[in-house]
Amino acid sequence: MPLFEELQEKAAELGFARLAVAHAGPFEQWRAYMQSAGRTLSLTHDPQEALPGARSLIVAALPYRPFSAPPQNAGAVSAYYLASQKAFRGAEALGAFLSGQGYAAKASPNLPYKEIARRAGLGSHGRNTLLLHPQYGSMLSLAVIATQADLPHQSAPPPPYGQPCARCRACVTRCPVSALNEDGGLDVSACVRSHMLSGQAAPMSVRPHMAGRLIGCDDCRACCPHNRGAQEAPYPADLADIGHIPSLLSESPAAMKARMGRLSAYIGDNLSRPRRMRAQAALASCACSPQAVVPALRALLGDECAATRCHAAYALARFGERADVKSAMSRETDPSVASDMALSLAGA
């Protein structure tokens, strides 16, 4: 059986719905676009830097169903991140398969995945900056493997940016922080998702949109006509238990570590760091009943993490607990945190 067909079979066993191949030439157009937009390049444009001698870029698409809303007092984790972790593990398995066949391979290389998928013919670049597949819309996660194996690849040029969107501006209008522009660009500094679990105090402009959310903002996906047929999956009960916001705010370090260990099985270690998750939970608590979270938020005004103190003060101010925030300000030794608390009071 040809190697490409073996890869397709293996990918299907791992849950991928589509597998395609792009040539391993550099992404010069993408690099020029990113530079013209003033974006810092965290990815390399040249596959040869990721894997010297690379001849093919394999991309596999893993569709997923968005979750319904979680129960009261549970923070939402977007279904995308579960799919992303599954795709990551799938990439490792496909890379190991290629290595077993005698071909050098690198799973999850530091390359622009959406550009690889466009080049491979898997979809188009939508105005929401996401890959739009003809069948699955943007409800998919991508896995990429660079390899020295010479595989048949898509020969047609990729479609222009924004082509499937025509005059639709639904995502631009829906974005709560106006991070999307008409040309299919994204202001990362404004995006809600980019400030989640960062370890830093989130800008005031995005905090109102983090209520009830632990990781992920799906607004631009939810409103997209290409995702109209996506059926919601019930929110996983175990994930709701893990994301119980009052527990995230109040548990001991040992209990929090154990809880994040459970979460990492779903979304990976990088997004399951206890300190960062507690800081995010403080903002997410704004969607909870005050009785469930206010006592824990008060205790977090003295937390060792500056971001957590800022976020706890913000949430308490939204719940009308101004005296607690003023008292914390008087004790605060970090001027930047005290200033943040003052802004929270002024905006409440």
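Predicted model: local features only at pLDDT ≥ 70, side-chain atom pairs only at ≥ 80, totals over all residues.
**Note on helix packing and aromatic pairs**

1. Start with Y80. With a relative accessible area of 23%, Y80 is partly exposed.

2. Y81 is another matter. Its relative accessible area is 11%, so Y81 is buried. The rings of Y80 and Y81 have centres 5.0 Å apart. Their planes stand at 85 degrees, so this pair is edge-to-face. Y64 belongs here too: Y64, Y80 and Y81 make up one aromatic cluster.

3. Helix α4 spans residues 79-100 and helix α10 spans residues 253-267. Their axes come within 7 Å and cross at roughly 70 degrees. That makes α4 roughly perpendicular to α10, because angles of 65 to 115 degrees are classed that way.

4. Which residues of α4 and α10 meet? On the α4 side they are Y81, L82, Q85 and R89. On the α10 side they are S264, A265, Y266 and I267. The residues of this contact of α4 with α10 divide into 5 nonpolar, 2 polar and 1 charged.

5. How many aromatic pairs are there? The count comes to 3.

6. Are F67 and Y235 buried or exposed? F67 has 19% relative accessibility and counts as buried, because the cut-off is under 20%. Y235, at 11% relative accessibility, counts as buried as well.

7. R119 lies over the face of F27, at 3.8 Å from the ring centre.

8. Finally, look at G121. Its place is in the loop between α5 (113-119) and β5 (124-125). G121 is partly exposed, with a relative accessible area of 47%. How far apart are the C-alpha atoms of G121 and H195? They are separated by 32 Å, and the two residues lie 74 residues apart along the chain.

Notes
Residues numbered from 1 in each chain as written. Heavy atoms only, no water. Axes fitted to C-alpha atoms, helices over the stretch in contact; angles between N-to-C directions. Helix = DSSP H or I, 4+ residues; strand = E, 2+ residues; numbered from the N terminus. Parallel < 35°, antiparallel > 145°, perpendicular 65-115°, else oblique. Contact = heavy atoms within 4.5 Å. Nonpolar A, V, L, I, M, F, W, Y, C, P; charged D, E, K, R; others polar. Phe/Tyr/Trp six-rings, centres within 6.5 Å; stacked < 30°, edge-to-face > 60°. Buried < 20%, exposed > 50% of the residue type's maximum accessible area, 1.4 Å probe, protein only. Lys NZ or Arg CZ within 6 Å of the ring centre and 35° of its normal.
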